[in-house]
Amino acid sequence: MSTRRRILTATLLAAGIALFGLFTRQGSVLALAIPFVIYAMALLLSDLMLKTPTFRVLRAFSDPRTHENEEVEVTLSIAHDDPQPVLVSLEDVVCDGMRLIDGEPWIVRELAPGEGATTTYSIAATRGQYEQRHLVGAVWARMGLAIRDIQLRHDSQLASVPHYETLQEIEIRPKRTHAFAGAIRTDRAGSGLEILGCREYVLGDDIRKINWRASARREELIVNLFEQEKMTDVNIIIDARANMHQQIGSEKTFDLVARGAAGVASAFLRQGDRVGLLIYGDTLNWTYPAAGRLQMESILHSLAQARPSSREAFGRLRFIPTQLFATGSQLIIFSTLGSEEDVAVPEELMARGYSVLLVHPDTVELELTQAVGKPFSQLARRVLNLHNQVVLSRLSRAGVGVVNWDLTEPLAVAFHNAQTETRGVRR
Amino acid sequence: MRPVALSFITLSGLALFGQTLLHGESEPVFGIVGLALAAAWLLLTWKRGKAGPSAFLIALAGLSCASAAQGGGVLLPSVAAAAALFAWDACLAGARLRADAEGGSRRIARRYALTSWILLGIGVAVAMTAQWIELRLSYGLAIGMALALLLGWLIAVRLLGASRGRGDDVKTGDEGSDQEQAGRRKSPGSPSHTGSIE
């Protein structure tokens with residue numbers, strides 16, 4: 001209740017008591033209004049004398065770019081320019097998604113003229129892009145009667161990017177690569193590290209490439225052919241439609257997917273490829289493909305902001321804007337493929353000339369951790385696993401690379417299993 | 001701030017009950033109800049720490065009036081009414097002050113308590129003085145007093161409005177320098193994008 005309302009309430013009560021006193025013609029009742037009138041007058045006087053100084057606020061995060069749930073220290077300082085001492089109580093408004101770990105996000109004290117005050121507290125934030133803005137509180141009259149609410153604003157931003165695991169080399173075979181050297185094998189002879197085959201020596205061949213053992217066997221000069229390794233465009237697509245994600249226990253599947261996508265992006269950027277990111281679900285959140293550490297930061301910031309959404313415009317996976325992706329580039333889709341129509345999307349993308357790798361977040365085991373002891377849970381598990389197998393083997397037959405990611409395990413295990421399986425099939 | 005409120009609530013209840021014990025032979029119910037109300041308020045404030053319902057204030061002020069109307073002096077009813085008022089105010093002020101902010105919070109509470117007790121003392125003293133000089137209430141004087149009260153109230157509201165402009169809450173603060181703001185406008189992907197002011 002503001003000071004004005006306090007004065008109003010006291011005055012109304014005084015008026016009521018006075019009226020009652022006048023009505024009953026009782027001087028003793030009328031006298032009861034006097035403390036109320038004195039209180040209202042004192043409060044009014046106190047409020048009139050109370051000045052609100054201009055405050056200077058500084059808020060600094062120890063690290064404005066942090067990983068999710070990591071501790072960040074916040075230093076909050078206020079100062080004022082009033083020639084009189086100021087009694088102030090201020091509290092920093094901590095954003096939703098942040099939790100206080102230690103310290104006091106408030107300052108309650110008397111500030112001498114020109115004096116400042118500082119407090120330090122620690123927070124941890126879930127994945128997200130935060131903008132901490134307001135401090136709320138009050139300035140108190142020196143004798144503590146009048147109180148004036150104040151709201152100070154100071155914008156501070158904190159990016160809490162997802163944690164991600166370091167993945168080993170991910171094997172992909174895009175149909176198109178760039179002219180620059182990279183780490184993607186191209187099935188063409190050139191300068192590389194992996195041996196593609198051998199052929200007879202022709203004039204001009206580098207003598208360092210002569211395979212002496214083969215030459216001795218064939219009694220003619222044979223040279224090794226190496227496989228060209230080039231850089232390529234990798235476009236990561238995250239299916240962020242709300243109905244594709246759920247919260248199971250304390251885990252949100254979208255958070256796991258964001259971490260997985262960050263790991264994949266990091267793996268390709270580390271080997272020199274250009275990586276783009278499309279988060280499909282809320283707005284068209286598109287990070288244009290580029291290489292380098294700066295691009296990794298851009299991708300992490302995009303992932304920090306990403307949220308599942310149920311917007312009608314992005315309700316169907318088949319409306320993915322393929323014009324964003326270079327023809328023949330590698331697409332890596334993180335999706336659970338909720339419907340028959342969704343299952344056809346990777347096949348359509350293959351038909352359009354893209355190389356597609358589907359990372360399928362498998363929630364069955366994660367859900368079972370919450371359904372221990374429930375009847376039919378094992379039967380449900382078998383049915384769901386069979387359904388997933390049918391869908392994924394259909395895609396695999398269509399040429400789509402498939403990584404079935406059990407969300408209770410690290411993504412590296414899923415990639416390792418998928419690549420071991422693929423090599424087994426090739427042999 | 002909670003101890004201040006609790007002390008005023010207790011005082012209010014005890015003053016009403018004391019008035020009943022001393023002079024309330026005809027209507028003892030006011031003191032008993034007053035004590036019960038004060039106990040309920042005490043309990044709520046103790047448990048929640050921020051209960052400041054105006055209903056308790058109105059009820060206790062009403063009971064004080066009724067008790068004073070029975071005759072038997074103005075001291076205890078005026079103490080009861082004024083204590084209820086300051087208890088209500090302390091509850092409201094306490095809601096603005098964090099109880100867990102140690103040093104500064106106590107200093108504010110101490111000053112607030114001192115001022116409130118002084119004001120309560122002045123109020124009761126003036127009320128006693130008014131009774132002592134035995135002002136006879138004629139209709140003309142009553143109407144004159146009512147008009148004076150109304151006028152005083154209007155002036156107070158006018159003064160308050162003039163000092164504030166619109167609304168009670170004040171926004172103030174520092175948005176940071178131009179350089180800092182330019183820093184904040186950088187693209188989110190830039191690693192130099194900090195958003196905080198060092």
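1. Ile17(A) touches residues of both chains: Val29(A), Leu32(A), Ala33(A), Phe36(A), Ala61(B) and Cys65(B), leaving aside residues up to four places away in sequence. Contact here means C-beta atoms, placed from the backbone, within 7 Å. The model is predicted: local features need pLDDT of at least 70, side-chain atom pairs count only at pLDDT 80 or more, and totals for chains, interfaces and linings use all residues. Residues are numbered from 1 along each chain as its sequence is written, with chains lettered from A and ligands numbered from 1 in the order in which they are written.

2. Ile17(A) and Ala83(B) have the most contacts inside the largest nonpolar core, which has 90 residues. Helix α4 (residues 75–95) of chain B gives the largest share of this core, 16 residues. A second, separate core of 65 residues includes Ala261(A), Leu317(A), Ile320(A) and Leu395(A). A nonpolar core is a set of buried Ala, Val, Leu, Ile, Met, Phe, Trp, Tyr and Cys residues joined through C-beta atoms within 7 Å.

3. Gly281(A) sits in the loop between β15 (274–280) and β16 (284–290) of chain A. Gly281(A) is buried, with 26 other C-beta atoms within 10 Å (buried: 20 or more such atoms; exposed: 12 or fewer; partly exposed: in between). Phe314(A), 33 residues away in sequence, is 5.3 Å from Gly281(A), C-alpha to C-alpha.

4. Helix α1 (residues 2–23) of chain B has 22 residues and reaches 32 Å from first C-alpha to last, close to the 32 Å expected at 1.5 Å a residue. Its buried residues include Val4(B), Phe8(B), Leu11(B) and Ala15(B).

Note on methods
Helices (H or I, at least four residues) and strands (E, at least two) are DSSP runs, numbered from the N terminus. The expected span of a helix is 1.5 Å times one less than its number of residues. Two residues are in contact if their C-beta atoms, placed from the backbone, lie within 7 Å.
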